[in-house]
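Visitor: I'd like to learn how to read a few features here. Could you walk me through them?

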Amino acid sequence: MKNNARILSVLLILVLGISLVGCPAAVAPDNILGAPMVDGYLGMMGGVEGDLSGEDYTEIVENAFVNAAETPDSYFSIDANTASYPNLRRYLQQGYLNIPKDAVRVEEMLNYFDYDYEKPTDGSVLALTSSVFDNPYNPATKLMTIGLAAQEIEFKDIRNNLVFLIDVSGSMYSEDKLPLVQQSFSMLVENLNPEDRVSIVTYAGSDKVVLKGAFGYEKQKILAAIEDLKAGGSTAGSAGITTAYEIAKECFIEGGNNRVILATDGDFNVGVTGLLDLETFIKHKAQSTGVTFSVFGFGTGNLKADKMETLALNGNGTYGYIDSLTEARRALVEQIGGTLVTVAKDVKAGISFNPEYVESYRLIGYENKLLTEDQFNDSSTDAGELGSGHTVTVVYEVILTDKALSEGERFADVKIKYKPTENVGGDSETEQEITLGIGTEKYHAELSESDAFVASVIEFALILRDSEYKGDSNINDLIARLDALDLTNDECKDEFKALVKLYKERVDSLERMKAEQ
């Protein structure tokens, strides 16, 4: 009987996993029972094979509460990276509960979703909005959100010089790696403009130029070159990067979008391989060529997210993770402008809290993007980039003073510094800024749909991390709050709700299996 029960539990888990394949959303069961936390939500479900020990992530030490009277100012670099969410989705759909804590990046989960933020007007590049509301998982604090929206420009109005840098080493052999890369980049090719330029560089034991400077109207030629790629050999990543930059310079388009796009599981084992060396290496390439460098991660078991994020951050590009054709379509077709067209670079945030009304504050996420005051004020500081139409969500958890809501006129002042690119009429060197004041007028006791969803994403991340800042977080309450939201018009948000329910169901199943042993 015990064996039969375990088999039924595993079958249920696998069926649920198959039903979720990314946006658009799948339907999760409604009759989910409560379950206590199991070993800090760690442990792999039975029936799922795989070793995650080969995956590496940048260490996250969560931001602590800061006394506003002692340190009223907070500074950090902003970007719109989203890799953590599809990576997390991959874990849950494949049946893993032993999710590495450092794989759970709150800001990347928040920034995956679209929000109805105020759009830039009158030719502005960026627009700011804010909201302050009661924290649903910690009644002792409030959540203060800052929404940043970037100007959206038509992808067809931009000339693109793209170099596909594709890892074809032996570690890329499985179906969720090179074959998915080929299908993903083929989607991108179908959406190129006729005068765009495309080159393909591969690397394994050595690098190879497969295609140089083909025009966008030569789609069949480009697609055939992608289709012919085969995996095998070691991983000379740095050699491939050098060659890709050389090709990008040869095909450089003045005033255009010149970009290397790396597709890899991140395992560099030949040439420059250390994180610090890679950082210096890619930063020099980016600064000396004017070519941006974006990274897409693929696959399971060997993912080196720390290296891929380092490359993207220092290459003035973005880092994403593609777990399915659906995600590839989202990133490389539906949101191609945001993925490929930068409208603001070196984007930095400075928030000054008023200690008369804010006792303490904690920045949620962005742990490895903190800046000093000098770095914030230095226009040469290398910070994050925002693409066309990108939205960014920043959240602080704050403890207000007793008189804040009764008489507080200004809780905080927000200042965003950035350099508009040539894509929006800027010169990429002249720093501009926008500001926003946040006071009692931004506070509302009743949460909007957007506020409630933002809080839900944060709470789920804190549960997965078993964070010391999770307060009264409870998976049952979280699901109840998500069920109260009307997410039917947003497939990705609806999918998030289904994933939370899937996670809960798997925790329940694991608990039942333990009880039966």
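Guide: Strands (E, at least two residues) and helices (H or I, at least four) are DSSP runs, numbered from the N terminus. This is a predicted model, in which local features need pLDDT of at least 70, side-chain atom pairs count only at pLDDT 80 or more, and totals for chains, interfaces and linings use all residues. Residues are numbered from 1 along each chain as its sequence is written, and side-chain values use heavy atoms, with hydrogens and water left out.

Visitor: Where is F215, then?

Guide: F215 sits in strand 7, residues 207-215.

Visitor: And which residues is F215 in contact with, beyond its neighbours within four places in sequence?

Guide: Contact means heavy atoms within 4.5 Å. On that basis F215 touches P194, E195, D196, R197 and I222, leaving aside neighbours within four places in sequence. E195 is 20 residues from F215 along the chain, yet their C-alpha atoms are 5.7 Å apart.

Visitor: In what order do the strands of the open sheet run?

Guide: Strands pair if DSSP finds at least two bridges between them. Here six strands make an open sheet, 7-6-5-8-9-10, with mixed pairing. Strands 7 and 10 (319-321) stand at the edges with a single partner strand each, so one side of each has no neighbour in the sheet. Strand 9 (residues 292-297) runs parallel to strand 10, joined by three bridges; F296 has G320 in strand 10 as its bridge partner.

Visitor: Which residues of helix 13 meet helix 14?

Guide: F453, S456, E459, F460 and I463 in helix 13 meet I475, L478, R481 and L482 in helix 14.
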